[in-house]
Amino acid sequence: MASKLFGNSNRSKFGGERPVSQHSGSERDAEKQKKRRKTRSRLRPLKVILSILLVLEILYCIAIFSNIPFVKELREIYIKTAMSTMNHQWLATAFIPSDIINELVEAGEQAKQEQLGVNSSWDNVNDVTEAPTKNTAPTEAPTGGPAEPDETTEPPITQEQIDFFARFDEIDEESMLAYVDEHPEAVADGWDKIYINEAGLDDEGTSIRTTADDQVLAIDAENEILLIRVRGSGILGDYRGILAIAKDPARLSLGVSKDIGSRGQRAGEIAERYDAHIAITASGFDDPNGGGNGGRVAGGCMSDGEVYGTRFRGSYKRIELHEDNRLYVMDSYMGYSDDCTDASEFWPALVVDGKNALSKNHFFTEMNPRACLGQTRDEEILFLVIEGRFLDCVGTDADECVDILLRYDCYQGMNMDGGTSAIMWYDGEYVTRCSNERLPEGRLMPNAWIYK
């Protein structure tokens, strides 16, 4: 009886024991897995972000604090490049600890100090052992008919050609003669009147080469001007620029803005004011917060004996043109030489008396647009401008500028104001690009070195 009574339960009343589903456990597991997948799905972006941040932090620590030579060199180039600009120093100061930046700033001051007392004398100018070998043209015209061809070279056969190659001894004779064969109109008025100009921004240049295997862009035989394309690669990318060689040092001077002291002019405007063929950047100028108008020269300068501005008293350098038509690199704190006619101040000195004048610690490695003025031991004038701050042309360092100048027998040379100011104007057009594409004609500046 007891078993019946207890067996007659509600569960049995409604059909006995409810069967347990065979799939209930697996369904619960599936739901749990689904929830876990949703959780992981929601967390995946966060994990990716955290992973990226971790990688960036590791890369940052390596880039900023590593002493691996290659990484350290890149870091120092980056810092010096940023700190050498007027408006983009934040690219260094916003991300790099101040003690690292200050260490490089102090190294820069030390590099400046090392150049004190490194001044021009021209004492060893006749030491031909230091001069690079240049193209040598015959010194006399052939007599008694055409010259017999040499087994190795075929010298020019006319006095005109001899005189031309003697004057433009940087030009490779073979490539020049080949160009003339293809373009006889170039010598229609004679070799002493050759005028070739393929130096424009949209021009590709000529097929003529120099003896150093650089491309010739322009030749003005009557005004004794040669423009050469210079190219190369650096640690951060490629660079390109123009080296202008002007043969008559008596035609060099420092041209100034017509409103110097209140407002600057562009390089081409200064050139046209002086009826010049070439103009490049010279002095820097006061540029508070990037708002300067190029009127107030930084440091001092001299144009045709008249002084403007106030000489730098620290460790800057000055390049002076004297009455003997020679350029002299001097310390800026020194007074102007008695026979100085034109001068500008900047830094660093690049070549002094035929020798590399840069600091031995290779401090001047920032990659920037450059402008340099120099003079060969034969007293020819060298105008060098390197473009920069473009994807296809980052600029170059001071060491590379020295190499280019010495390749063309520079005896005295100095760095001018570069960056956005660096530009070259030649015969009515700008032949190098300003680093600021919004300024196709460059910045307003207080002065420019010109070839009249």
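1. Helices (H or I, at least four residues) and strands (E, at least two) are DSSP runs, numbered from the N terminus. Asp 397 is found in the loop between strand 15 and helix 10 (398-407). The model is predicted: local features need pLDDT of at least 70 and side-chain atom pairs count only at pLDDT 80 or more, while totals for chains, interfaces and linings use all residues. Residues are numbered from 1 along each chain as its sequence is written, and side-chain values use heavy atoms, with hydrogens and water left out.

2. Asp 397 counts as buried, at 17% relative accessibility; buried means under 20% relative accessible area, exposed over 50%, and partly exposed in between (1.4 Å probe, protein chains only). Leaving aside neighbours within four places in sequence, Asp 397 is in contact with Phe 364, Thr 365, Glu 366, Met 367 and Arg 370, where contact means heavy atoms within 4.5 Å. Asp 397 and Met 367 are 30 residues apart in sequence, and their C-alpha atoms are 5.0 Å apart in space.

3. Overall, the protein has 10 helices and 19 strands. Of its 452 residues, 48% count as buried. Among contacts between residues at least 6 apart in sequence, 66% join residues at least 24 apart. The accessible surface comes to about 23,500 Å², of which 50% belongs to carbon and sulfur atoms; the areas come from the Shrake-Rupley method with a 1.4 Å probe, and for residues only the protein chains shown count as cover.

4. Nine strands form an open sheet in the order 1-2-3-4-15-14-16-12-13, with antiparallel pairing. Strand 1 (195-197) and strand 13 (355-356) stand at the edges with a single partner strand each, so one side of each is left without a neighbour in the sheet. Two strands pair if DSSP finds at least two bridges between them. Strand 4 (residues 237-246) and strand 15 (residues 381-386) pair in the antiparallel sense over six bridges, and Ala 244 stands opposite Phe 383 in strand 15.

5. In helix 7 (residues 159-167), the residues Gln 161, Ile 162, Phe 164 and Phe 165 are buried. These residues cover an arc of only 165° around the axis, which puts them on the same side of helix 7; the arc is that of the directions from the helix axis to the C-beta atoms. Helix 8 and strand 2 (215-220) are among the elements that cover the buried residues of helix 7.

6. A search of the whole structure finds 10 aromatic pairs. Rings of Phe, Tyr and Trp (its six-membered ring) pair if their centres lie within 6.5 Å; planes under 30 degrees apart count as stacked, over 60 as edge-to-face and the rest as tilted. The ring centres of Phe 164 and Trp 191 are 5.2 Å apart and the planes stand at 70°, so this pair is edge-to-face. Trp 191 lies in the loop between helix 8 (173-182) and strand 1, so the pair with Phe 164 ties together parts that are 27 residues apart in sequence. The relative accessible area is 4% for Phe 164 and 7% for Trp 191. Phe 165 and Trp 191 form a tilted pair, 5.8 Å centre to centre with 55° between the planes.

7. Phe 312, Tyr 316, Trp 347, Phe 363 and Phe 364 form one aromatic cluster. The charged end of Lys 112 sits over the ring of Trp 347, 4.4 Å from its centre. This description requires NZ of Lys or CZ of Arg within 6 Å of the ring centre and within 35 degrees of the ring normal. The charged end of Arg 433 sits over the ring of Phe 390, 4.1 Å from its centre.
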